[in-house]
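Please examine the sequence and the structure shown below. The explanation that follows leads through them element by element.

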Amino acid sequence: MKQTLHSATLDNGIVLLGEDLPGLESVAVAFHTPAGAVHDGPGRCGLATLSGEMMLRGAGDRTSRDIVEVLEGSGIQWAQSVSTSHSSFAGAMVARQLPIALPIYADILRRPRLPDDELENARQMVLQNLAGTEDDPAHRAMSALRQLHYPHPLGMPSEGISADVEAIGVDDVRTFVRAHGVPRGMIIAVAGRIDWDDFVTRVEALFGDWGTDDASAVAIGNRGERIRFVPHDSQQTHIALAWSVPPYRHDESYEASAALSVLGGGSSSRLFSEVRERRGLCYSVSAGYHTLRDYASAICYSGTSAARAQETLDVMLAEIDRLPGTIEEAELDRVKSRAKSALVMQQESSAARAAWIARQWYHLGTVRSLAEELARYDRLNVASVEGWLAANRPAGLTIVSLGKEPLEVPREVSA
Amino acid sequence: MKFLHERLPNGLDVIAEVTDTALSTSIGFFVKTGARDETDAEWGVSHFLEHMVFKGTNDLSADEINRRFDWMGASANAFTSEEDTAYHAAVLPEQQIEATALLARMMRPALREDDFDTEKLVILEEIRMYDDQPPFGADDRCRATFFGHHPLARSVLGTVESIERMPVEVMRDYHRRRYSPANIVLCATGAVDFEALVSSAREWCGHWEPLAIPPRRAPLDLRASHAPTLELITRPTSTLEYAVKMSRGPAGDDDDRFAAKLLAAILGDTSGSRLYWAMVDTGRAEQASCHHQDFLDAGMFATQLSCDPEDAEELLGMIDEVYRGAAEQGLDRREFEQNRNKLAGRWVLLGERPRRRLFDVGPEWAHSGDYRSVADDLRTIENLSLEDVHRVLARWPLHGTGSTVLAGPLPLDPSLETASEAQ
């Protein structure tokens with residue numbers, strides 16, 4: 001399959017990435033600034049999220065309503081989100097609308113008003129969202145797991161912590177945006193029916209004269225405790241497990257991710273077959289690979305009624321323990337087939353591709369071609385996956401359970 | 001993009017929307033059956049059966065089905081709603097024949113009793129999972145009250161009791177009656193080889209025995225046409241209060257359904273709408289939204305609110321005022337045009353994804369026997385006028401009517417419950 005990728009770097013450090021997707025009418029653009037939740041700072045968990053929300057509340061000559069009305073009135077689907085590493089603004093639209101969208105995003109990123117009189121509304125919005133997550137037991141279990149498993153502050157919840165969000169002042173927001181919403185470390189990715197040269201010219205005109213400060217580094221601290229029970233009045237108990245695996249930029253991440261897919265990736269995976277299909281213990285059970293730039297985790301999850309939660313945990317741990325030395329070629333073939341097929345199908349969505357090429361650049365400093373990515377899956381074999389597993393047996397698990405009663409966790413989870 | 005259709009002698013419809021530039025092929029069997037087609041003794045069987053279809057046939061085990069889908073690299077799943085049960089897979093085009101054959105064979109499941117007993121446990125877990133999640137049953141309760149004696153009142157999952165007491169024979173009988181070929185549509189979208197699709201259908205489905213299917217439409221008996229009702233479900237440990245409100249709207253065969261979707265966007269889309277600016281932007285509500293949903297013989301506007309419990313009553317009043325204001329003062333041209341463009345933009349983006357198109361093309365044919373291209377829908381949206389939206393507001397007012405259910409920490413207020421029972 002022919003694939004055309006583009007990249008360019010502006011003098012101030014902004015990286016531009018592009019991919020032509022012939023056959024699509026749409027174009028998707030995503031701006032990833034390095035103002036992620038990792039920079040929230042002590043006692044300010046949620047600052048990146050509140051700042052992202054504030055950036056939409058007036059920018060340049062536009063009010064908050066102007067921004068939404070012009071974007072939506074032009075049929076542009078917009079989104080804003082904050083992850084550990086980035087604060088992102090994205091839009092997907094019919095290709096001809098891109099010239100309308102770009103100046104709006106330039107205002108949001110370069111000229112946010114961050115008005116005093118919007119802070120309370122924005123804060124309440126963030127607090128409402130936080131209250132909503134309190135009612136989502138699976139989300140709470142996974143959030144606690146990331147918080148304990150990753151070294152501080154990498155696992156802190158980007159949506160914030162209520163007490164911290166209450167304490168944030170407008171000066172915190174302004175300082176944060178000035179310090180972290182900067183060109184160096186920023187990625188602008190575009191995919192779909194694009195005219196690359198025209199895109200670069202427009203972005204250069206809108207962002208080229210943006211002076212740069214160096215993005216600041218974050219001190220990485222310690223991990224939390226290994227085992228935690230979170231009391232919650234629910235019928236189901238939610239179980240979340242994690243252990244460390246190599247991050248995406250390591251070559252071995254493909255072996256790690258394939259091993260995890262054998263464990264809990266598809267409906268023929270070990271966990272789905274054993275926990276759900278054979279024993280009927282739960283509705284959802286899975287294992288997957290989650291990566292930050294320098295750390296990554298294997299993450300397993302299941303939710304099941306309290307009376308069967310202990311058995312579910314025991315079976316999950318047994319399956320994790322059994323994995324090294326037992327992977328069959330047919331299993332690995334299925335994993336490879338699923339991964340490759342998903343990669344090809346991703347080409348049908350401009351938004352998915354814009355996100356993917358930005359992610360690749362952030363992790364690798366380059367964008368791998370689809371052909372190279374597919375070749376990496378082709379090169380995987382039982383010996384390479386087993387070799388990696390033998391040297392990296394799952395160990396040091398972090399285990400979170402959330403429900404009415406705590407579960408018994410083996411003292412040393414060799415798993 | 002072209003549309004193709006062929007009907008097998010036993011009544012099975014085979015349809016495809018072919019997109020030359022697509023990289024994937026999506027295939028789905030859409031069975032015209034769902035919760036509304038169940039009796040009391042069958043409550044939850046459509047969805048339970050959807051699970052059992054993955055448990056294998058007389059010559060395919062459940063493991064074999066799962067392995068085959070994964071081996072094809074398929075993204076395969078199924079869903080059950082009030083009116084449809086669908087089984088679908090997205091694959092690379094070279095897997096079309098294999099994926100179609102597997103799905104087709106699954107439509108004739110073994111329904112073994114021991115699998116049935118094990119899967120029953122999974123269904124019960126799924127019911128518990130949803131019961132632990134917002135809106136804590138408010139949606140099902142609201143639908144029950146709103147639809148009253150109409151078959152759409154029935155919830156899709158069933159209840160713990162209805163599932164526990166169901167014997168396997170009920171499912172076998174339901175399957176035999178409802179999975180008749182004339183009650184099923186085989187639909188494909190994307191990079192489709194239609195000739196191969198039809199010959200797969202002949203090979204695997206041609207021998208299915210046709211049975212007469214009773215009509216599905218029911219005389220409308222919506223309690224919401226009377227005075228408004230309010231019910232409470234108390235969940236003391238919930239943080240927010242969740243409200244679901246349903247009021248009447250145009251049905252699936254009504255030409256006003258597109259205008260209704262535009263009206264819902266203006267009033268209550270999740271961003272940029274009247275409810276959004278009044279309650280979400282200001283941080284009063286976590287969510288305050290409205291959407292239009294249509295069925296074969298009924299339609300509704302569903303309003304959802306989540307907020308601090310002590311604000312729930314006030315915000316429900318505010319929502320009613322927003323609806324009343326729209327009806328009494330009308331909408332302005334600017335917001336009308338903004339939302340029409342927004343809807344059109346959304347349609348174009350969804351329309352270019354064949355994996356997504358399957359869920360428009362398949363159900364549309366299953367419900368109406370019609371095909372509508374993305375261009376047809378876009379033309380309809382672009383031709384909508386402000387008068388169309390005002391007409392919908394006049395025909396189906398959203399204020400001062402409807403069934404509302406609150407779920408959350410608010411204590412049970414006996415006067416409210418009595419009021420609603422008296423309706």
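**The open sheet of chain A**

In chain A, 6 strands form an open sheet with mixed pairing, in the order β1-β2-β6-β3-β5-β4. From one strand to the next, the twist averages 10°. Helices and strands are DSSP runs numbered from the N terminus, with helices (H or I) of at least four residues and strands (E) of at least two; two strands pair if DSSP finds at least two bridges between them. This is a predicted model, in which local features need pLDDT of at least 70 and side-chain atom pairs count only at pLDDT 80 or more, while totals for chains, interfaces and linings use all residues. Residues are numbered from 1 along each chain as its sequence is written, and chains are lettered from A and ligands numbered from 1 in the order in which they are written.

Within this sheet, strand β3 (residues 26-33) and strand β6 (residues 187-192) of chain A are joined by 6 bridges in the antiparallel sense. Val27(A) has Gly192(A) as its bridge partner in β6(A). Helix α3 (residues 98-110) of chain A packs on the sheet, where it touches β3 and β5 of chain A, and its direction makes about 10° with that of β3(A). Helix α1 (residues 47-55) of chain A lies across β4 and β5 (87-94) of chain A and runs at about 155° to β4(A). For these angles, axes are lines fitted to C-alpha atoms, for helices over the stretch in contact, and the angles run from 0 to 180 degrees between N-to-C directions.

**The domains of chain A**

Chain A is divided into domain 1 (4-207) and domain 2 (227-403), with bounds that come from an automatic or database domain assignment. The C-alpha centres of domain 1 and domain 2 of chain A are 28 Å apart. Between them, 33 residues of domain 1 of chain A are in contact with 30 residues of domain 2 of chain A, contact meaning that C-beta atoms, placed from the backbone, lie within 7 Å. On the domain 1 side, β1, β2 (15-20), β3, α5 (137-149) and β6 of chain A each supply at least two residues. The largest share of that side, 9 residues, comes from α5(A). By class, the side has 24 nonpolar, 7 polar and 2 charged residues. Here Ala, Val, Leu, Ile, Met, Phe, Trp, Tyr, Cys and Pro count as nonpolar, Asp, Glu, Lys and Arg as charged, and the others, Gly among them, as polar.

Strand β10 (residues 296-305) of chain A has 10 of its 10 residues buried, so it is largely enclosed by the rest of the structure. A residue is buried if 20 or more other C-beta atoms lie within 10 Å of its own, exposed if 12 or fewer, and partly exposed in between, with C-beta atoms placed from the backbone. Strand β8 (residues 236-245) of chain A runs antiparallel to β10(A) and is joined to it by 10 bridges; Trp243(A) has Ala298(A) as its bridge partner. Strand β9 (residues 284-291) of chain A also pairs with β10(A) in the antiparallel sense, over 8 bridges. Thr291(A) stands opposite Ala296(A) in this strand, and a hairpin of 4 residues joins β9(A) to β10(A).

Chain B is divided into domain 1 (2-205) and domain 2 (223-421). Their contact takes 35 residues from domain 1 of chain B and 31 residues from domain 2 of chain B. Helix α5(B) gives the most to the domain 1 side, with 7 residues. Of the 10 residues of α5(B), 8 are buried, among them Arg141(B), Cys142(B) and Phe146(B). What covers the buried residues of α5(B) includes β9 (229-234), β10 (241-248), β12 (299-307) and β13 (403-408) of chain B. Just after α5(B), Gly148(B) takes a positive phi of about 55°.

The contact between the chains takes 53 residues from chain B and 55 residues from chain A. The chain B side divides into 20 nonpolar, 17 polar and 16 charged residues.

The model scores ipTM 0.93 and pTM 0.95. Chain B averages a pLDDT of 94, pLDDT being the predictor's confidence in each residue, from 0 to 100.

Methods. Contact = placed C-beta atoms within 7 Å.
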